[in-house]
Amino acid sequence: MAQKVTPNLVFTVRRHEPELIAPSKPTPHEFKLLSDFDDQHTLRFQIPVIIFYPSNRENVNSDPVKVIKHALAEALVFYYPFAGRLREVSGGKLVVDCTGEGVLFIEADADVRIEQFGEALHPPFPCVEELIYNVPGSDGILNSPLLLIQVTRLLCGGFIFALRLNHTMTDGPGLVQFMMAIGEIARGARTLSVQPVWQRELLNARDPPHVTCTHHEYDEVADTKDTNASLLVDVDHRSFTFGPTELLALRKLVPKHLSKCSTFDILTACLWRCRTIALQLDPDEEVRFLCLVNARRRLDISLPAGYYGNAFVFPAAISTVKKLSQNSLGYAMELVMKAKSSVTNEYVRSVADLMVTRGRPPVHITGSWLVSDNTRAGYRDVDFGWGKAVYGGLAMGQVGDVPGFINFYMEFRNNKGENAVVVPICLPAAAMERFVKVLGRMLLGNDQLVNGTAFCQIMSAL
């Protein structure tokens with residue numbers, strides 16, 4: 001169930017000096033406004049992605065660094081805002097100054113073979129800081145490169161493509177669209193199958209703005225019990241895999257009236273309960289589950305094909321620790337499903353209006369847990385001419401300032417060759433041990449994890 005990377009895998013990465021890759025042809029020098037979804041404070045961070053490619057006999061004499069660097073320069077002609085820099089104007093609004101300066105690119109070689117990472121590729125990866133190097137002074141949100149790409153050749157003939165993205169520019173679907181464009185050009189295409197579309201005004205607030213829905217994800221609640229600080233102590237990173245066997249065991253705990261639920265609903269309800277119990281929070285404290293929901297299909301207008309701006313919302317479910325822990329899995333599932341179903345066109349528009357009327361507040365972090373389902377994101381399908389990747393997804397389990405606040409579900413193939421979901425988890429070491437025990441009990445069919453008056457005693461004994 002829980003898997004850790006073998007700590008004795010150590011290797012050396014030899015990097016060339018970072019360089020800026022500019023568009024291969026002149027591009028417009030203009031200012032482009034981000035949408036009211038893009039420039040919210042919650043998205044002002046860098047997100048790391050990593051993709052592993054095995055060697056390919058057809059490309060044995062090709063250099064992935066040269067191929068990708070050339071294709072990147074060509075793709076930036078179409079996606080020239082990525083080659084610019086973010087500026088902040090009045091009211092905290094973000095704009096892209098399309099300077100054409102370029103994106104950071106690092107060429108590297110590592111004295112390791114892809115098989116040395118093990119059959120089960122998933123975060124946390126050894127030496128990941130060397131595979132996606134943070135060039136000093138490059139990770140600012142404003143006035144810094146919007147993308148950093150590192151291509152690392154491996155001894156076996158394979159390579160690792162790693163990318164760091166300023167999240168205000170695009171979301172998962174938009175990023176995959178951009179990488180697919182690089183891949184098409186790398187494979188010889190002269191035009192793109194999907195042309196990029198900016199049109200960020202489509203997700204701006206209405207005029208006048210009018211908040212019509214309840215948005216608990218943006219509640220302002222003080223952290224009076226230092227909950228966030230407690231998450232920073234002795235953090236343990238592990239990845240948990242859920243294949244057909246584990247998911248079937250959880251599905252047996254689903255009440256009949258929820259039998260048509262999705263795998264996401266079951267897994268999320270399970271992990272939210274286990275995480276909450278493991279953290280041993282005050283029984284009367286409120287906790288929130290935030291779900292990243294793609295808004296593209298919830299709008300009354302269709303965003304054009306090729307739109308690559310951020311287009312998602314974070315609907316929230318709320319429960320007290322006591323209720324979430326004592327009730328069955330079905331209780332948590334109903335909260336998760338209700339949060340997902342609350343996203344309508346009006347809800348999406350109301351979020352944009354809230355951004356403007358309340359000064360782009362961040363999502364509520366204290367006692368919150370946010371999930372992003374990347375199992376169908378398509379990172380593994382990005383093909384630079386070496387075929388499908390053996391792993392594609394988040395480079396590390398921890399992103400943002402608070403470890404474990406955001407969790408990503410990623411596609412995975414277990415050692416039986418079965419399709420599975422891998423979930424990197426970050427928790428304080430003591431809480432991680434409790435989490436493993438509680439999750440293990442659920443997988444064995446025990447849905448009564450915490451019970452009535454014995455709540456505090458059981459919590460402390462786990």
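Trp 272 touches Val 287, Arg 288, Phe 289, Ala 317, Ser 319, Leu 324, Ala 332, Leu 335, Val 336 and Trp 369, with residues up to four places away in sequence not counted; contact here means heavy atoms within 4.5 Å. The model is a predicted one, in which local features need pLDDT of at least 70 and side-chain atom pairs count only at pLDDT 80 or more, whereas totals for chains, interfaces and linings use all residues. Residues are numbered from 1 along each chain as its sequence is written, and side-chain values use heavy atoms, with hydrogens and water left out.

Trp 272 also belongs to the largest nonpolar core, which has 154 residues; Phe 161, Trp 272 and Phe 435 touch the most other members. Such a core is a set of buried Ala, Val, Leu, Ile, Met, Phe, Trp, Tyr and Cys residues joined through side-chain atoms within 4.5 Å, and buried means under 20% relative accessible area, computed with a 1.4 Å probe on protein chains only.

I turn now to Thr 42. Is this residue buried or exposed (over 50% relative accessible area)? Thr 42 is buried, at a relative accessible area of 15%. Beyond its neighbours within four places in sequence, Thr 42 is in contact with Phe 314, Pro 361, Pro 362 and Val 363. A polar atom of the Thr 42 side chain lies 2.8 Å from the backbone nitrogen of Val 363. Thr 42 sits in the loop between strand S4 (31-33) and S5, strands being DSSP runs of E, at least two residues, numbered from the N terminus.

Notes. Helix = DSSP H or I, 4+ residues; strand = E, 2+ residues; numbered from the N terminus. Polar contact = N/O pair within 3.5 Å; in protein donor to acceptor, adjacent residues only side chain to side chain.
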